[in-house]
Amino acid sequence: MRRYIAARLAQAVLVVLLSLTAVFGMVRLGGDPVLLFLPMDIQAKDVNAIRQRLGFNDPLAVQYARFMGGALRGDFGESLRYRRDALGLVLERLPATLLLAATSIALTLIVAVPLGLLTAVRRDTLVDHVGTVAMVLGQATPGFWLGLMLIYLFAVHLRWLPTGGTGSLAHLVMPSVVLAAFFSARVARLTRSAVLDVLGEDYIKTARAKGLGEARVIGKHTLRNSAIPIVTLAGLEAGQLLGGAVVTETIFAWPGLGRLTVQALLNRDFPVVMAAVSLTSIVYTLMNLGVDLAYGWLDPRVRIRP
Amino acid sequence: MKKWLGLVLTVAVVLVAGAAPWLTAHDPLLADFVASLKPPGTPGHPLGTDQLGRDLLARVLYGARLALFIGVCTVVVTAVVGGLLGLVAGFVERWPSAVLMRLADVQLSFPFILLALTINAIVGLGLRNIILSLSAAGWVVYARVVRGEVLSVKQRDFVQAAAALGVGRARLLFRHVLPNVAPSIIVVASLQFSQFVVAEAAISFLGFGVQPPTPAWGSMLSESRDFLYVAWWLAAFPGAALALTALGVNLLGDWLRDTLDPKLRV
């Protein structure tokens, strides 16, 4: 197990380094970076001064070394708009996103796992059909449209919930439901197919044949064994919540990392963009690492594979 | 059931998109300020009109053309680029394989939508660039799947036999290996299609991608936010069209996967 952890940690460090390189490369993709960094209405004579000040006249290798050196120390430069440390701005927004993501994951576990279990156990009954249709619909409904429709229904029409912003528990309801909807549909489908796989195994037949009660067969033998694929795949999918947050936070004016990223992209505030995208990538990589380690712990067979 | 619903929905969207000019007499770009914000059911405007008096049905129909065009282009680009890279990496192994897998790790360390959005903001707006950005963010899935498949197909007897008979490497790759990994490429393509269509709408919704006044579902939904209090239909119909398209293609993809390649489940 120790070797497995060491190998996965080394791989995660490599991925983070390469991802930072990719962020640097992406910003250089658009040609002259100064034109990206500047507002559209800049005077031509100022361009060169700014290019000099931001260090874009140096060779690319020097710029890359400076970026990586800074990034590893947590220094992505200063926000062009707020004149503040870019990473500081980004870190300020992280808790809001994590709160939203955690609420969505909790909602998903409460709704999706029981739904998946129920539809699998009651296979080919009305419950299964209705549940499966709900999962397929949930997966096909774009989050931002669901968000708009919920705002229309609960904020505009019924006036039960605020349209957006933050401050109270009521503000958290719609964003977390929207973020959880797609995720729940995925997790419910995964749960259903994982439980169906396990229900076909011989040891379930044995458990039933020896006269175990159905509650024990499902509660202990089935659920325990289907937990491995559910935990793994749900964990991998949870990373996509960070992507979903980009759209959801924008609709509901939720002051998180995703909304900051979109605003920074619109403002061409590239130090903030680089800090935000890098941080998202690091959080995502850490989540994947956590899932892999949990997987190795749950299922010893995995540890042999490097 | 899955198969038929998926097939019917997908064919319906394709037909509606193709026949858009014959299904509506209105120009999706033509403003008519006298008839602005008319509700659905207004004579001449079955789905109502938007803030500039443009016919919503026409905009939704032409939006289908754009969505399908972007989806098809992106799927073709990603399947060809990702598929070829995966083929080569799986066939040659050694360093191409290692490089590709590290690249894949890096790409997969960013959420798909964030990657596509950031690339789009950097390379610029417009139709060509949104296809480019989605492709740059999406090719890696094919590369991984195809590489994995090639690694296993390569070991099969008929490939070994062909190699022993002195068949050239290129011919071996394209005549013997490729046809055997093609089903996986088709399955991944069908599963990716709706992801691309929805991602394009999301990016346009956020103010990047396809710009107004071009009738794209995403930018229509974005504009509808300012009128949510007075005109629910501006948000309801383009979104419903998007959801139905995604639903149809998803169902079709699920069915294709179950039929062609049960291994790819989940």
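**Interface and backbone**

Analyst: The contact (heavy atoms within 4.5 Å) takes 51 residues from chain A and 43 residues from chain B. This is a predicted model, in which local features need pLDDT of at least 70 and side-chain atom pairs count only at pLDDT 80 or more, while totals for chains, interfaces and linings use all residues. Residues are numbered from 1 along each chain as its sequence is written, chains are lettered from A and ligands numbered from 1 in the order in which they are written, and side-chain values use heavy atoms, without hydrogens and water.

User: How much area do chain A and chain B bury between them?

Analyst: The size of an interface is often given as the accessible area lost when the parts come together. Buried area here is that loss with a 1.4 Å probe, summed over both parts. Carbon and sulfur atoms carry 80% of it, and the total for chain A and chain B is about 3800 Å².

User: Which residues form a salt bridge, and how far apart are the closest N and O atoms?

Analyst: A salt bridge is a side-chain nitrogen of Lys or Arg within 4 Å of a carboxyl oxygen of Asp or Glu. The rule finds one across the interface of chain A and chain B. B:D254 pairs with A:R189, and their closest N and O atoms are apart by 2.8 Å.

User: Which element gives the most to the side of chain A that touches chain B?

Analyst: Elements giving two or more residues to that side include α1 (2–28), α8 (169–199) and α13 (270–298) of chain A. Helices are DSSP runs of H or I with at least four residues, strands are runs of E with at least two, and both are numbered from the N terminus. With nine residues, the most is given by α1(A).

User: How many helices does chain B have?

Analyst: The C-alpha atoms of chain B fill a box of roughly 75 × 40 × 30 Å along the principal axes. Its secondary structure has zero strands, and the helices come to ten.

User: Where does α5(A) bend?

Analyst: Helix α5 (residues 86–121) of chain A has 36 residues and reaches 51 Å from first to last C-alpha, close to the expected 52 Å. The expected span is 1.5 Å times one less than the number of residues. A bend is the angle between axes fitted to the seven residues ending at a residue and the seven starting there. In α5(A) the angle is about 30°, at A:L109.

User: Which residues does a cis peptide bond join?

Analyst: Most residues other than glycine have a negative phi, and most peptide bonds are trans. A:D124, not a glycine, has a positive phi of about 65°, and its place is in the loop between α5 and α6 of chain A. In chain B, the loop between α8 (169–205) and α9 (217–224) holds B:P213. With omega about 5°, the cis bond joins B:P212 and B:P213.

Technical notes:
Buried area = accessible area lost by both parts, 1.4 Å probe.
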